[in-house]
Amino acid sequence: MAQIANTPSSVNLENNDNEVHPDEAVDFDSDNKLSGDKALLHRTGVHGRTDRYRSALEMLHLEEITKHIEGAIEVLSEKFSLDVANLVYYMTLLQGEEADTGRIRYARTAFLHSNRFPFMVRKWRCGRDRVHGKGYSTQAARRSLDKWSVENVNVLINREMRELAPVMRAPIKDLTADKLLELNLQDFASTIKLKAPVLWDVLHSASSTSAQLDRNNYKDHTASIVMMASTCCYGCLHKHCRLQQFNSVYFKASGLAAKAHNTTHAYRITMSHSWVYHLVDKLSDDAKRQQREDVAIYPIFISQDNLNLGFHVYEQRTTNQHHFDSETAATLFVIPDLNVVWPEHKAYQQHRIAGVDKFITAVGIQKLELAAAPRLRLHAIHHVLKFLTRTMAFDFDSYEHKHSPIFTRPAPTHQLPIGKAHAVRQYVLNTVHIESASQEGTCQCIDEWMKQLKLDGPEETLRNHPVLQHLLVWIGDQLTTIHPEDFNFLAEEHLFHKQYYKSMDLFVQEALWHIAEARFRDLWVVVAEVTKLSDLRSLPPDQLHNLAARIVDNYASTAALQDQKQLPVEVQDDVLMQGILFCRDLLNYIELDDSMKTGDVGRMEDLLPRLLFRFNGGSSSKYAIELLELLQGLQHEWPPELRSFILCYCWLANTTGQEGRFLTFDMLQEHNIRDIKHIVAVHGPFSTWEYIKKILASIPAQRQIKEHVKAEFNHFRREKSHTTPEWEKDVAGLQKSYRVNSTHVYRPGHHTASSPLDYIS
């Protein structure tokens with residue numbers, strides 16, 4: 001090696017200030033370790049000398065390097081009876097022994113800590129096999145290194161599994177709905193990746209190839225890797241089952257059959273089926289305990305509806321037959337806000353007596369409509385603009401003036417707050433085996449639920465009860481409103497019932513939206529006098545707003561319909577009149593639907609006169625009477641605090657606190673009944689009213705977990721939205737039909753077999 005040092009480009013290795021000689025400059029402690037500055041100097045000297053040697057060698061030709069290596073091997077063999085294998089072996093064997101000298105340690109450290117060491121290992125493993133000149137086959141160290149790698153990876157993974165244990169551990173005694181909802185997929189994955197990087201890399205490599213990673217820009221393997229890691233932890237110890245518990249409740253809430261649940265348990269994806277029922281019982285007990293605490297301190301109100309359930313048996317006998325049974329279900333709603341002004345019964349009675357001689361009149365209702373019309377018109381124009389901006393032809397994202405305030409939603413009339421702090425809590429009460437189809441049955445149902453809430457007993461005891469000092473709002477059907485006033489409650493019928501606007505059949509709703517999209521797209525083309533919607537991209541926002549206002553005023557309003565009716569009969573266009581009538585009613589429907597979803601109860605109140613006109617003209621006398629009673633209460637009979645309480649807390653509820661997730665109480669009650677009948681309740685021989693009542697309280701928690709999973713995995717994109725091609729194809733077909741038939745173009749004398757009937761105007 002002296003020849004290398006004497007090359008012209010070499011560095012003087014003997015007199016270098018940065019070099020640390022193994023016997024003179026290096027001091028080891030009693031544990032053969034260096035500390036502080038000496039350790040840093042030692043590492044610098046080791047790497048520095050190795051790098052200088054390599055630099056000097058790289059200046060030589062390969063033939064010269066080969067001669068040096070052969071000379072070194074020859075010296076080892078002839079002088080010391082050592083080959084490379086034994087040299088490295090004994091250098092390794094001496095590690096930690098008394099015979100291990102500083103020079104040997106220094107050389108071993110330089111070898112193992114070299115930045116070329118990983119390259120050498122890879123070369124040893126992947127080097128080409130060849131046939132020796134004498135016929136012997138030589139191989140790289142693939143088999144040995146592969147075996148060693150597997151053993152080493154196993155050690156590392158076992159160590160990481162111990163690190164993951166606290167993350168995966170979830171005792172059932174500490175399990176609550178809130179703890180289950182705390183699980184966030186991305187945070188959970190980040191924790192696993194941090195505590196078990198080797199395991200994560202192995203699973204990631206096993207679940208995808210480099211070609212897939214380059215080709216798939218949207219596919220994410222995070223969820224599958226998290227599930228595989230959780231399955232491994234669950235296989236090590238059954239207490240490490242955090243994700244399995246989460247999956248179990250989700251599958252239970254999704255209606256997974258018992259046999260299928262046991263199959264997923266065998267795959268270690270979920271807990272056992274029996275464990276799930278223990279957890280459901282615990283969730284029910286926790287919900288009942290929380291219910292008792294909330295009733296004692298927060299304002300409450302109750303909703304009820306009928307429940308019809310079919311019971312099926314596996315083997316029919318004379319005493320064990322399929323049968324159909326009916327009960328009545330109820331839900332307790334709690335407003336978790338101590339600042340809410342809960343109306344008192346005495347104030348309500350006094351104000352009602354004072355306002356009994358004041359009646360809502362037709363003139364008063366018309367004044368309410370005239371006052372609300374300008375606000376509703378602004379929102380109608382906004383909806384018409386949205387029909388244009390969400391089309392593919394207009395391409396709003398690339399529109400030059402897309403940030404114009406013209407496209408901003410108008411200010412709400414009375415917006416309910418959003419956020420988790422304002423989320424309404426709900427508790428499903430035990431069903432009662434009483435049909436509420438009669439006044440007597442309704443009275444019995446209310447008495448039973450008052451017993452469940454511990455609001456029954458002697459009159460002397462209840463007189464000073466804190467809950468009964470206030471007005472208890474009861475939301476039910478029409479029979480509920482005629483219950484005798486034995487308790488201090490105000491009975492309210494579902495104001496927006498499924499029979500007339502909201503909650504109508506899903507296919508009817510979809511059809512209405514398709515028709516609305518097609519009609520208003522055609523109106524944009526007709527009013528703007530263009531051939532296609534993309535031509536409107538050249539117009540500024542104020543002109544688009546003016547066109548939308550013209551569409552509302554001339555093709556979707558009562559005034560436009562009256563203008564057509566004032567024409568002589570022979571020049572009237574019946575088809576256009578029907579289109580104006582239908583577009584006006586569609587905008588009212590869209591406005592009501594939008595105000596409900598967004599929580600704008602002010603717009604809902606503005607629409608009450610129009611709903612009353614519709615029910616009265618459409619021979620829906622019972623609904624018309626209910627709306628008259630509601631308007632009478634809002635305008636004359638209810639004190640201000642009760643009026644505010646009804647508007648803010650008794651029309652809409654948001655159980656999630658998220659924007660756009662408001663629902664009517666009728667819909668919330670229907671959701672609970674759906675879950676009782678089809679999702680949460682068991683089927684088969686163990687499906688009894690007693691068991692159903694046992695698990696009813698867990699329904700809101702199960703639904704929250706189900707929605708949480710959908711949000712985590714973005715199921716809403718797959719389940720609750722239409723794909724653009726299907727939607728566009730249907731709407732384009734309708735729009736073409738309207739265009740070909742000139743549905744929205746005035747044609748004098750265009751009569752139909754029957755003229756449209758306008759019950760509202």
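Is tyrosine 399 buried or exposed? At 2% relative accessibility, tyrosine 399 counts as buried; the cut-offs are under 20% relative accessible area for buried, over 50% for exposed, and partly exposed in between, with a 1.4 Å probe and protein chains only. Some notes on the rest follow.

1. Ground rules. This is a predicted model, where local features need pLDDT of at least 70, side-chain atom pairs count only at pLDDT 80 or more, and totals for chains, interfaces and linings use all residues. Residues are numbered from 1 along each chain as its sequence is written, and side-chain values use heavy atoms, with hydrogens and water left out.

2. The overall picture. The protein has 33 helices and 9 strands, taken as DSSP runs (H or I, at least four residues, for helices; E, at least two, for strands) and numbered from the N terminus. Of its 761 residues, 43% count as buried. Take the contacts (heavy atoms within 4.5 Å) with a separation of 6 or more: 73% of them come from residues 24 or more positions apart.

3. The core. A nonpolar core here is a set of buried Ala, Val, Leu, Ile, Met, Phe, Trp, Tyr and Cys residues joined through side-chain atoms within 4.5 Å. The largest one has 64 residues, and Phe301, Phe645 and Trp651 are among those with the most contacts inside it. Helix 27 (residues 621-637) gives the most to this core, with 6 residues. As background, nonpolar side chains tend to be buried together in soluble globular proteins.

4. Aromatic pairs. Rings of Phe, Tyr and Trp (its six-membered ring) pair if their centres lie within 6.5 Å; planes under 30 degrees apart are stacked, over 60 edge-to-face, and the rest tilted. The count by this rule comes to 16 aromatic pairs. Tyrosine 89 and tyrosine 90 are edge-to-face, because their planes sit at 80°, with ring centres 5.0 Å apart. Tyrosine 89 is partly exposed at 46% relative accessibility, and tyrosine 90 is partly exposed at 42%. Back to tyrosine 399: its ring is edge-to-face with phenylalanine 407, at 6.0 Å centre to centre and 85° between the planes. Phenylalanine 407 is buried, at 14% relative accessibility. Ring pairs also link Phe301, Phe333, Phe645, Tyr649 and Phe665 into a cluster.

5. A charge over a ring. Arginine 519 lies over the face of tyrosine 738, at 4.7 Å from the ring centre. The test asks for NZ of Lys or CZ of Arg within 6 Å of the ring centre and within 35 degrees of the ring normal.

6. Asparagine 672. This residue is found in helix 29 (residues 665-679) and counts as buried, at 1% relative accessibility. Its side chain makes a polar contact with the side chain of arginine 703 at 2.5 Å. (Such a contact is a pair of N or O atoms within 3.5 Å; within protein, one must be able to donate a hydrogen and the other to accept it, and residues adjacent in sequence count only if both atoms are side-chain atoms.) Leaving aside neighbours within four places in sequence, asparagine 672 is also in contact with residues including Thr331, Gln426 and Ile699.

7. Helix 18. Its buried residues include Gly441, Cys445 and Trp449. Just after helix 18, lysine 454 takes a positive phi of about 60°.

8. A loop residue. Alanine 421 is found in the loop between helix 17 (362-389) and strand 5 (425-428), and is exposed at 62% relative accessible area. Alanine 421 and threonine 656 are 235 residues apart in sequence, yet 9.6 Å apart in space, C-alpha to C-alpha.
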